[in-house]
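Good morning, colleagues. Please look at the sequence and the structure before I turn to the packing of its helices.

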Amino acid sequence: MSYLRTSWYALPNLLRFVLRRLFVGVLLCLGVTLISFILTQVVPGDPVSANLGDRAASDPVIVAVFRERYGLDKPLPEQYALYLQRLVQGDLGESQQTHRPVTTDLGQYLPATIELASAAMILALVFGIALGVIAAIKRDGWPDQLIRIISLAGVSVPTFWLALVTLYVFFFKLGIAPGVGRLNPGGKAPPAITNMFTIDSLLTGQWATFSTAISHIVLPALVLAIYTVGSITRFTRAAMLESLNQDYVRSARAKGLPERTVILRHAMRPALAAIVTVAGMAFGRMLSGTVLVESVFSWPGIGQYAYKSALALDLRAIMGVSLVVAVIYIVVNMAVDLIYALIDPRIRLG
Amino acid sequence: MMDARRVSRLLSVGMAAALASSALMPIAQAMAQDAGTLVVDTAFQLKTADPAREFEPTANLILHPVYETLVTFKGSDLTKVEPSLSEAPVVSADAKTFTFQLNPAAKFSDGSPVTVDDVIFSLNRVKNVKGSPSFLLDGVTVSKGSKEGEVVLTTEQPDPGLPYKLANPAVGIVNAKVVTANQGSAAADADKTDRADAFFATTSVGSGPYVLEKFDMAAEVVLKRNDAYWGEKPKYEQIVIRNVETSAQQMNVMRDDSQIALDLRPDQLDAIKDAAYTISVPSADVVFMFTNSNADISPVAANSDFQTAVRLAIDYDGIVNIAGEGAVRPGSIIPTMFAGSLPTSEGPTRDVEAAKAALAKSGIKDPTIELTYVSDITKNGVSFADVAAKMQSDLKDVGITATLKPSPVSTFLDDYRAGTLPFTIVWWGPDFPDPSDYLLFGPGEKVGLRAGWKAGSSPAITEIAKKAAVEIDQTTRTKLYDEWQKKLNAEGPFTGLFQPAFSMASSKTLEPVEYNAMWTIDLTAISPAKQ
């Protein structure tokens, strides 16, 4: 026992931190499966009614076949135990709405959402940090007021409405954006490597497909980014204002350093910690909250999959999505903590 | 300040990058404009590409061009079956034996001929995988006929409606050898052994004018012309059916990003009618109401005079107005486009005084009743909440207080099927286009029981239904269904409210497109506009 303890403390701090977080993450995932399993059971409604046609749902033989195929004929504890047993083997069960393994569905839909959310995150970071810095530098001036209005609008505008208006203006009226979907109608997807079309087309040198994929992702990513731009702008502004009032910034200015260096090197770095935190949270939120944008832009991602699964009471799919979202949050939070430590040397992991 | 300008420059670079990406659009769009490709937008209701397991509208739309059936329908006419893989069947006098003669020219997309064995395999597979469409072949036995290329279907009970069921894409004929080689089975235990549904999503094994090129249930389905097709070649080389929400469909057609939009609301058609052909016609779904005849569920609803009062209190024209342009009211429960439907004039009409009199006769003072409706979906854009509110207002005029009870569809269906709703608005989509599908509304039948209408409640109605179920003479059959529905209107708990409109738009670069209640539109019949 003491050997284990000695070995544990002999590990580098960073590795100990990662291992501990991974262990807690596994427990959290287990908790998520249990909660989502219980919730799917207590929700009123029978998957039989939601998935079979009117006639079929009234036929006891067909209903029995359906229940048996999806393991719904077993007692609840046994269903959950079987689920965990298969989960360990990487099997999330079969979706009642797509008749395919949930892992296959997630492998298809999750990359589409990650691709969209990543593009949105890049846009949100570029615009959010830039606007936040400008607002802090021009505190209480007209740029600050204008940016405050923009960021407030960003967090206030309903996403569904914004998505429709964006599509109407840029696609329908101006004709400078393509229509819905990840590619043009009937367009051939690049060979599947990551199932993210922009990445896969780049990796395989399919430039025409890359151009199409990029053009299709711009509008939905912009819409998805708007809310996060607002929050990143506000956090950046607040963090920058705090930094700009610190002694070391005054010292830097007193030394006669150029203002650009003072802001980008001295004030910005401590502010980045707060920005990374909010960006991490926002990325998780984006991944799990894309359903409205995906719906308007016909983006076949995990948001639409989750929504349809919920409507169809597709228990295995709901649990699969819940688990994946939980894993994403855990990984993103861990990544944020690691980046936090890299940015701020005062933070010690372990 | 210098730094603000720098940051602004950074910002500009970011925006320029985004706009540069947008500038690629014309290139992308140019790639999409391929004259040989037809793009159809619809909001997918799709679960599988396996005909034996599908029973969703989008699956019918997509699989109809891929899997031919023994018989089919032409255009929008669902009252007459037409030859397809077989000639129209020879029906025995007792409506229990149906003989089909296969067309010897018919062949699958791989060039192999469509044989009697393929038909037997395909139909038995539909029965035995015990999926949603299995009921279509309940009690049906399929066997070889005495002649070459002859298939004989026999039924346990007389079933003159069987040929209409056999036009459903769910009973499309598949290549037995290929399906068997890919985990398919038509054996009695196919519900446990058949695992071919995954295979059907990767390829197609039918004899139709198109083959499946891509099947993505979330994004799009691509059909490619079957170059080995044995019949008349379709006009388009490729058809892309995309999963697009209603809100974007209108824009897509107007910008020629797609040529057909299938899920528009009637109110969207005005904006588009100059730019595209529009259709707003009654769909085959019937929205109806019932007051539960089971006194254990609600003594108020079960009172026959109360039921009469409700029937006479409703402003049916007002409800059809809510449903919008293109919606109609059926005379009873069978939709207007099917053989055996009653004219609208045969349905009850609003008569406030008569309703009050019926209510007085019921002996129930100041009745209150719960009106349950589905709150989270609409029917072709018509909100059940709007219809329920209108009914509540109409009932108030005669002294009936209806308490509105919204319910999510998943829980509603359970309650409805369990027969526990006292008063509700619900819909019935046809399983097959024959009036026999509606005999389920009779006393003691499946839908009748949901309204608490027990067997033996109305022997006269049951008697007519029995005759109508076995009658094969079309004229006599129609008369029997007329009579059955008139009695249903007078004595039953059901009242047809409306058939919501099916509204679609198609580009003027196409010849006008017809609506078909079975597969929405016939993709194989669409052709470019004549110059």
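In helix α12 of chain B, the buried residues are Phe306(B), Gln307(B), Thr308(B), Ala309(B), Val310(B), Arg311(B), Leu312(B) and Ala313(B); buried means that 20 or more other C-beta atoms, placed from the backbone, lie within 10 Å of a residue's own. Helices here are DSSP runs of H or I with at least four residues, and strands are runs of E with at least two, numbered from the N terminus. This is a predicted model, in which local features need pLDDT of at least 70 and side-chain atom pairs count only at pLDDT 80 or more, while totals for chains, interfaces and linings use all residues. Residues are numbered from 1 along each chain as its sequence is written, and chains are lettered from A in the order in which they are written.

Contact requires C-beta atoms, placed from the backbone, within 7 Å. Ala309(B) touches, among others, Ala355(B), Leu359(B) and Ile400(B).

Which residues touch the most other members of the largest nonpolar core? They are Ala120(A), Ala124(A), Ala221(A), Phe288(B) and Ala309(B), in a core of 249 residues. Such a core joins buried Ala, Val, Leu, Ile, Met, Phe, Trp, Tyr and Cys residues through C-beta atoms within 7 Å. Helix α7(A) gives the most to this core, with 24 residues.

Technical notes:
A residue is buried if 20 or more other C-beta atoms lie within 10 Å of its own, exposed if 12 or fewer, and partly exposed in between; C-beta atoms are placed from the backbone. Two residues are in contact if their C-beta atoms, placed from the backbone, lie within 7 Å. Lists of a residue's contacts leave out its neighbours within four places in sequence.
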